[in-house]
Amino acid sequence: MSLNFSPPIPGLFSRLIAILFANLRTRSCSLGSRDAVFQGVKLFWLPILLTCLLSAPAISQQLPLRHYGQLEGLDNLQVTALAQDGKGYLWVGTVNGLYRFDGERFRRFSQSGGIPAIPVAALHTDQYGDVWVGTRRGMCRIEGAACRTVHTREGTVLPVGIGQHFASFGSDQLLVVSGDQLWRVQAKRDGEGLEATPFFGGGRARSSGNEEVSSIATGHDGDFWMGCGPRVCHYSNGELRVFGHAQGVPTGGKSWPALLLDGKGELWCRSSTGMMMSLPPGAGRFIERRPAPLGGDGIIAPVMTADLDGRLVTSNGFGLLRGSPGNWQAIGEEQGFNPDDEVSALLMDRDGDLWIGIAGRGLVHWQGYRQWESWSTRQGLPSNTVWSFLRANDGALLVGTGQGAAKLDPVTRRFIVHPIAAGADRTQWSSMVEDRSGNVWASSFSGLLLRKLRSGGRFEVVAKLPMIQILLVDSGGNLWICTEQGLYRLENGANKPRLVSLSERMAGVRTESAIRAACQTALGVQWFIADGVLLRHVEGHWSRPQFASSVDMKLIDLSCDENSLLLTHADETKVWWVDADALAPQLSSRTFDLANSPLKGRTVQSTLIDSRRWLWVGTEGGIGVWNGRGWRVLNQQSGLIWNDTSQHALYEDLDGSVWIGTSNGVSHLSHPEELFTLRPQKVLIDSVTVDDAPQATTSFSVPWSKGTLAVKLAVLSFQNYEGLRYRYFLRGLDHDWSITESSELRYTALAPGSYVLKVMAENIVTQTSSPVEELTFTVMPPWWQSYWFYAAALTLMIGATAGLSVALSRWRWRKMLLRQREMEALVQQRTQELEVSREEHRQRSLRDSLTQIWNRAAIMDLITRQIAETQASGRPFLLVLLDLDHFKRINDTYGHLAGDAVLKEFVRRTQERLRDDDALGRYGGEEFLLLLPGLDANSGRRRLNGLHLEVCAAPMEIGEGGAIDVTCSFGVATGAGNATAESLIQQADMALYRAKENGRNRIEYG
C-alpha cells in the first residue's frame, strides 16, 4: 500500500512526496519496508486503570460479515430457520419456501417435492444428518428430492409453528411440538414409514395439567427439557418435574420459546418478554441471567446457540448478544450490522462459523468467527491505516496508525487515542519500540522521533530527522534509527541522535545510504539493509557478509528470529532464509520462490518469522503463511478485515497470536496454531442429468442421445470458497486431467461406450484438496448399432432363398451398409444442426429483447469473469453505469414507443464507439453497464469524455420525423481482483448518484 501523508502539517507534505518519488525511482522504501516490532523488544505503557463498567460492554470489533441474498439465489429474504445436514449442505427456511446452499448458490427445494406448505416455520437436523421441515400445515423429512410427510395414527398431519419445536430423542425418535403439545415420531411397527403419537399419552398429549408446550431441548442423559406455559419442565426416566416460581422461575414470563443446554450441562432459557435464566448442572433452582443490554421485549421467537468456545449467542432485538454471565458483549450497528437488523435464526456450522438469518435481509455468514477480531475507526482507531504494533511490558497493546497512536482497552476491547504533542498527532507512525528504562519510542514517515517517558503521559517530539522507517533498541540499550538518509543512533542516556559512520571497507555503502530495515538476533548482533546490501554489526564492528549460495544484493527488507534472517528481494518474487551467524564470513541460506506459491504475482509488503518458525508474508492480496510443509492464504473471505496489508504490519503477540495492519483497519488472528488443522475437504457429485432427466450420482446407464450430460459438483466447506478449483477426467474420452473453476461439467452427444468420470477439488487459498470421487455410467448404442440389429440382418441373409446368387447377397449387404452410413451421416448432420440451434437459442437468452445487447444476467457474468481475469493477470478495467437523464419525461411526453426508439439509438451510438473487448449490457430500464477492460481511471478518462460527448451530442430520432435532445450521466468504478460484481456496481451507482446530484449530463468517478 502507498503512504497516506497527512496534509495538515505545514511544509511536510511536499517534502515527503519528494522523498517518496525519489525512493520509487530507486525501487526502494515504502513498499519494501517491514515490521518495526522485533522479537524480544517490548513497549512500555502506563498501568491500565480498571474502572467499574457494565457487565455487558459492546464487542468493539469490525466483523467480517458476508451477506447472501437474491443475487446468490436466495430469492426470499425473510429467513425463519437454519440447519446443516449430515453432508454439509446448508438449509434455509423462509416465508416463501425452502432453499439449499452448496457454497456457491442457493437452490430452491421444489414445492412439488412434498413440503406441506409455505412458509417454512422450523428446521432440524437429526442424529443421522437428515433434515426435518415444519410448516403450519404439517411436517416432513427430506429424502433426496422429496420431503416425506409424517402423519398421526389417525392420518392427520402435525402443524408446526415458528420456534424451537424439534429435538432428537434417543437413537430412533424425534420429538416435535405441535398444537402446543408434545409428540414423538418414530418408525411404524411394521417398519413401513413413520408415524406420530402423543408422547404423554391421552388425547391432549400435554406435558402435565394444562401447560402448553412452547419449546423442546434434549439433554445429555436420555432426558429432555420443555418450555411448558410460564414454567419449565424436565422429563427423565419416565418422571416429569415442573419448575415454577418456587424454583426460581420469574413471574411475568408467558412462555420460554428458546432453550439451550450448553456443553457444561447448564440449561439456558429465553422468554418472549426478554427474560433470561439458567439452571446450573445439579442445581434445583434457576438463576436470573438477563444481561443489562438484552433487548427484544415482545420477540415472538428468540433464538440461541453456543459456539465452540462455550459462549452463548442469542438474538438481542436488533443484533446479537454473546458471552457468559458477567462477560456479555452486544453486537450491533458498530460491528457491521444495520441498526434495524432483527435476528431470526442462528446456526453454528461444522467448521465453527456462525450463520445469521435476518428478517427481511437474507442470510449473513460471520467468516472466521472463532479466529478473527478486527477494528477500524468505528471502534476507536484514529485512522484505518495501521502501520505498527507494540506490546508493552505492562501488557498494554499500542497501535501506530496514519494519524497517531491508540491503545487497546482490555475490558471494552475498544481503542483509545493516545495523547501526543501538538503537531505530531496526525503523522503516520512507522515504528515503535520500548527501551530498557521503560520509555516508549515512536517514529513517523515524516521524520519525527517521539518519546513517552515511563513517568510521562504523552508522546513528545525529540528530534526531526529524514523519513524514518525502523526503530531498534539493541542489547546495550542504544536506540538505532533507520532513515532514508542514513543510520542514526541515540546512545543510552544521550539526548541527541548521532549519524553513524559506516565502515569505508564496505564498498558501495555510504554513510548517507537509505536504511530500509533492521533487526537483532541472539548475542546482540544487529543486521541492517543499506542500498540493497546486508550489513552486520557486532560490538562496534561492521562487516558485509557474503553468502555461500547465490543471493542477489538487491535486498529491500529483512526480519529476524533468534538465529535466522528472512531477506526479501527487490523484485519481490523471492525470499531467503539465512542462518544468522555472528562471525562467519559466509552465510548459508535457502530460497523461497514466491512465484511457485499461492502469492504469485503479489507485492510483498511485510514479513515475519514467528516463534513457531513459521514464515508470514503480507501482500496487497492478503497474508501467506508457510509452516515448513505448505502454504495457507488468509484474506477477507477468511475473516481478515481488508486484503491490502501495510508495511511494518505483522506482529506476533506474547501468546503467539498475530496482529495484522491493513489500509482499512487492524485484524487479530487469535489461534494461528489452528490454521493448518482444517476439516478434510470432500467433493460431492451433487446431481447428474441427461437431457435434463435426473440420474443416479454413483452409476447409471442411458440410451444414446444427442443431448447433454450435466454433472453438478459441490464442496461443502464455506471457508474461502472463492479459491475452489475442480479437476476432472472422463475415462473413455479424455486423455488427461482438466481443471476448471466451474462447478458444472457438461458433455454433449457422447459416443456409445462405458465411461468413468473422476473428479476432485482443490482450494488454492487453503491449500487443501479432496480425494477423488468417481461416477460410472454407460451410454447404450443406438438401435442401428446394436448387436440384435446385426444378428437380425445376418439371420435374414442366411434364410434368404437358395436361388439368390452370391452376388445378390453381397449387393444387399453393401446396400445395407451404405444405408447405415447414410443414416449415420444424417444423424451427424441433424446433431450439428441441433447444436447450432441450441447455441442460437442460448445467445437469444443472453440478449436484451429491445436493444439486442447483453441482458442483465449476461453482463453480470462478464463482469465476474473480468474480475477473475484481473485477479490472475493484474490487468485493470473500468465498470461504467450509464443512465439517460429524465427518461421518464420522454415516456410521459412522447410515449413508450418514442422511449424505445431513444434507447435503441443510444445503444447504437454507444456500440459504434466500442472496442472488440468492450461489453455493453442493459442493467434495467434506462440504465446500462459498460465494461472496459485494460483501462483505469487515468487511461480511461479521455475515452469516457469522448464517448459521453459523442453519444448524446446530436438529437435522437423518435419516429415520424421527430427528434429530441437527450443527455446522459455516467458513474465509473475502477475494477480490482479482490472486488465483486455487486461491490463494483454499488461503487458505480454511488458515482452515478453524485452525477445526478451535481446537475446530470456529466461523469463522476467512484
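This is a chat about a predicted model of a protein chain.

Trainee: What are the ground rules here?
Mentor: Residues are numbered from 1 along each chain as its sequence is written, and side-chain values use heavy atoms, without hydrogens or water. The model is predicted, so local features need pLDDT of at least 70, side-chain atom pairs count only at pLDDT 80 or more, and totals for chains, interfaces and linings use all residues.

Trainee: What does the protein chain average in pLDDT?
Mentor: The average is 85, and 89% of the residues score at least 70. pLDDT is the predictor's confidence in each residue, from 0 to 100.

Trainee: And where is confidence lowest?
Mentor: In helix H1 (residues 12-25), with a mean of 31. Over residues 1-58 the pLDDT is below 50. Where pLDDT is low, the predicted coordinates should not be read in detail.

Trainee: Changing topic: at what angle do H4 and H8 pack?
Mentor: About 105 degrees, for H4 (residues 856-873) and H8 (residues 981-997), with axes 9 Å apart. Axes are lines fitted to C-alpha atoms, for helices over the stretch in contact, and angles run from 0 to 180 degrees between N-to-C directions. H4 is therefore roughly perpendicular to H8, a term for angles of 65 to 115 degrees. Helices are DSSP runs of H or I, at least four residues, numbered from the N terminus.

Trainee: Which residues make the contact?
Mentor: Met860, Ile863, Thr864 and Ile867 of H4 meet Ala981, Glu982, Leu984 and Ile985 of H8. Contact means heavy atoms within 4.5 Å.

Note on methods: Helix = DSSP H or I, 4+ residues; strand = E, 2+ residues; numbered from the N terminus. Parallel < 35°, antiparallel > 145°, perpendicular 65-115°, else oblique.
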